[in-house]
Amino acid sequence: MIVRIMGEGQVKLADSHFAELNALDDELLTEMENGDGPGFRATLTALLDRVRELGTPLPDDSLEPSELILPAPGASLEEVRELLSDDGLIPG
């Protein structure tokens, strides 16, 4: 799966990491629904850090279609809310 972090670039992730990332996404969604700003910030940071740790960066000149687009690290709760589907940032 190709994942884009807005403002950073793309990484390739194995599908086997999807469950772990989806758990963080579920936590992020709950924090957003509860208006938990500090929790939201911590979980967004954890989610993006795991994507960076688990993924293999694609070259900057590579322009693969992204199957998943994640917000920039400094995105506000409101900005992330606009990106969400009913399933959160990560479908499934």
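A residue counts as buried under 20% relative accessible area, as exposed over 50%, and as partly exposed in between (1.4 Å probe, protein chains only). Aspartate 49 is a case of the middle class: it is partly exposed, with a relative accessible area of 31%.

The structure is a predicted model, in which local features need pLDDT of at least 70 and side-chain atom pairs count only at pLDDT 80 or more, while totals for chains, interfaces and linings use all residues. Numbering starts from 1 along each chain as its sequence is written, and side-chain values use heavy atoms, with hydrogens and water left out.

**Helix H2**

Start with helix H2, residues 37-54. Helices (H or I, at least four residues) and strands (E, at least two) are DSSP runs, numbered from the N terminus. H2 has 18 residues, and its end C-alpha atoms lie 26 Å apart. That agrees with the 26 Å it should span at 1.5 Å a residue. The expected span is 1.5 Å times one less than the number of residues.

Which residues of H2 are buried? They are Gly39, Phe40, Thr43, Leu44, Leu47, Leu48 and Val51. Seen down the axis of H2, these buried residues fall within an arc of 155 degrees, so they line one face of the helix. The arc is taken from the directions that run from the helix axis to the C-beta atoms. Pro38 and Glu53, on the other side of H2, are exposed.

The buried residues of H2 have several partners. They pack against strand E1 (2-5), strand E2 (9-12), helix H1 (18-33), E4 and helix H3 (77-83). Contact here means heavy atoms within 4.5 Å.

Alanine 42 also belongs to H2. Its C-alpha atom is 20 Å from that of leucine 68, which is 26 residues away along the chain. Leucine 44 has a listed distance too: its C-alpha lies 13 Å from that of leucine 84, and the two are 40 residues apart in sequence. Leucine 84 sits in the segment after H3.

**Helix H1**

H1 has 16 residues. From first C-alpha to last, H1 reaches 22 Å, close to the 22 Å expected at 1.5 Å a residue. Its buried residues are Leu21, Asn22, Leu24, Asp25, Leu28, Leu29, Glu31 and Met32. The buried residues of H1 pack against H2 and H3. After H1 comes glycine 35, whose phi is positive, near 65 degrees.

**Salt bridges**

Side chains of opposite charge can pair when their charged atoms come close. A salt bridge puts a side-chain nitrogen of Lys or Arg within 4 Å of a carboxyl oxygen of Asp or Glu. How many are found in the whole structure? The search gives 4.

One of them joins glutamate 8 to arginine 52, with the closest N and O atoms 2.6 Å apart. This pair links distant parts of the chain: glutamate 8 is in the loop between E1 and E2, arginine 52 is in helix H2, and 44 residues separate them.

Another joins glutamate 20 to arginine 50, at 2.6 Å from N to O. This pair also links distant parts of the chain: glutamate 20 in helix H1 and arginine 50 in helix H2, 30 residues apart.

Arginine 52 meets aspartate 49 as well, at 2.8 Å from N to O. Both lie in helix H2, 3 residues apart, which is about one turn of the helix. An α-helix has 3.6 residues a turn, so residues three or four places apart point the same way. Glu8, Asp49 and Arg52 are thus linked in a network of salt bridges.

**A surface patch**

Met6, Ile69 and Leu83 form a nonpolar patch on the surface. Together they have about 240 Å² of accessible area. Patches take residues with over 30% relative accessible area and no salt bridge, joining like charges within 9 Å and nonpolar side chains (Val, Leu, Ile, Met, Phe, Trp, Tyr) within 5 Å. Areas come from the Shrake-Rupley method with a 1.4 Å probe, and for residues only the protein chains shown count as cover. Isoleucine 69 lies in strand E4, residues 68-70.

**Partly exposed residues**

The table gives values for some residues of this class.

| Residue | Relative accessible area |
|---|---|
| Alanine 42 | 48% |
| Isoleucine 69 | 44% |
| Glutamate 8 | 40% |
| Glutamate 20 | 35% |
| Arginine 52 | 33% |
| Arginine 50 | 23% |
| Leucine 84 | 22% |
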